[in-house]
Amino acid sequence: MIEIKTRGQLEAMRASGLVVASALRNVVDAVKVGVSTQELDEIAEQTIRDAGAVPSFKGYNGFPASICASVNEQIVHGIPSSKQVLAEGDLISIDCGAILDGWHGDSAVTVGVGELSPADHKLSEATRLSMLAGIEAALPGGRLTDISFAIEASAIESGERDGIEYGIVADYGGHGIGTKMHMDPFLPNYGKPGKGPKLKVGMAIAIEPMLTLGTDDSQELEDGWTVITLDGTRAAHWEHTVAITEEGPWVLTAPEE
């Protein structure tokens, strides 16, 4: 069963989403050469707890931290560590979740450390644009894979513009979210439109494309969490929690303007 929320419940999710947005803002502000990913994790956890919320990730199926910090060839689920110290030119994806009053928010951004290479900058921007395309397709009356198709089409369009054939990570995608972090439906980041469940007012979906500079194949490391590109190329990950409303998509994890 796909969870359908009332307007009041979506507003509660928006409150959780704002906590996530605040945590990500503070973490991104701290990203610089010489900072460890563990330090970034501590900033996120403090921000979340100061808001009266709880980190979604910490303890989730045994995950030991409040953010996923995935550097360079790491796609998702990178475990923060005092030994992972950021260097000039690194590309880091930061995924963060929070629970407030029983409702989850989930969002991710990719940022550079110092000066990024042109290819890495284009990769991150292509991923962000594909997320935005997916969000625009999250319309009541549509089908789930309308979002998938929009993400894929945007990635292909960016690749043609940039002269780079981006890999769309095959094994990971978006998901329903609400009273739990991961719920039905699973959202692929590619595919034909017009398939899957009908998009209904009150649904909430985490839309999260992951692109690479090479392969779409991934591998999980021995730590049981960190996922890397099979060919060692760099990856980017962007994500927002989005509600389906009569007025169109409502980005619950967007920062306040």
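**Charged and aromatic side-chain pairs**

Lys 58 and Glu 45 are joined through their side chains by a salt bridge of 2.9 Å, N to O (a side-chain nitrogen of Lys or Arg within 4 Å of a carboxyl oxygen of Asp or Glu). The model is predicted: local features need pLDDT of at least 70 and side-chain atom pairs pLDDT 80 or more, while totals for chains, interfaces and linings use all residues. Residues are numbered from 1 along each chain as its sequence is written, and side-chain values use heavy atoms, without hydrogens and water.

**Exercise 1.** State where Lys 58 and Glu 45 lie in the chain.

*Solution.* Lys 58 is in the loop between strand 1 and strand 2, and Glu 45 is in helix 2 (residues 37-50). Helices (H or I, at least four residues) and strands (E, at least two) are DSSP runs, numbered from the N terminus. The partners are 13 residues apart, and the pair links distant parts of the chain.

**Exercise 2.** Classify Lys 58 and Glu 45 by relative accessibility.

*Solution.* The classes are buried (under 20% relative accessible area), exposed (over 50%) and partly exposed (in between), with a 1.4 Å probe and protein chains only. Lys 58, at 38%, is partly exposed. Glu 45, at 16%, is buried.

**Exercise 3.** Find the aromatic pair of the structure and describe its geometry.

*Solution.* Ring centres must lie within 6.5 Å, using the six-membered ring of Trp; planes under 30 degrees apart are stacked, over 60 edge-to-face, the rest tilted. Phe 63 and Trp 225, 5.0 Å centre to centre with 80° between the planes, are edge-to-face. Phe 63 is buried at 3%.
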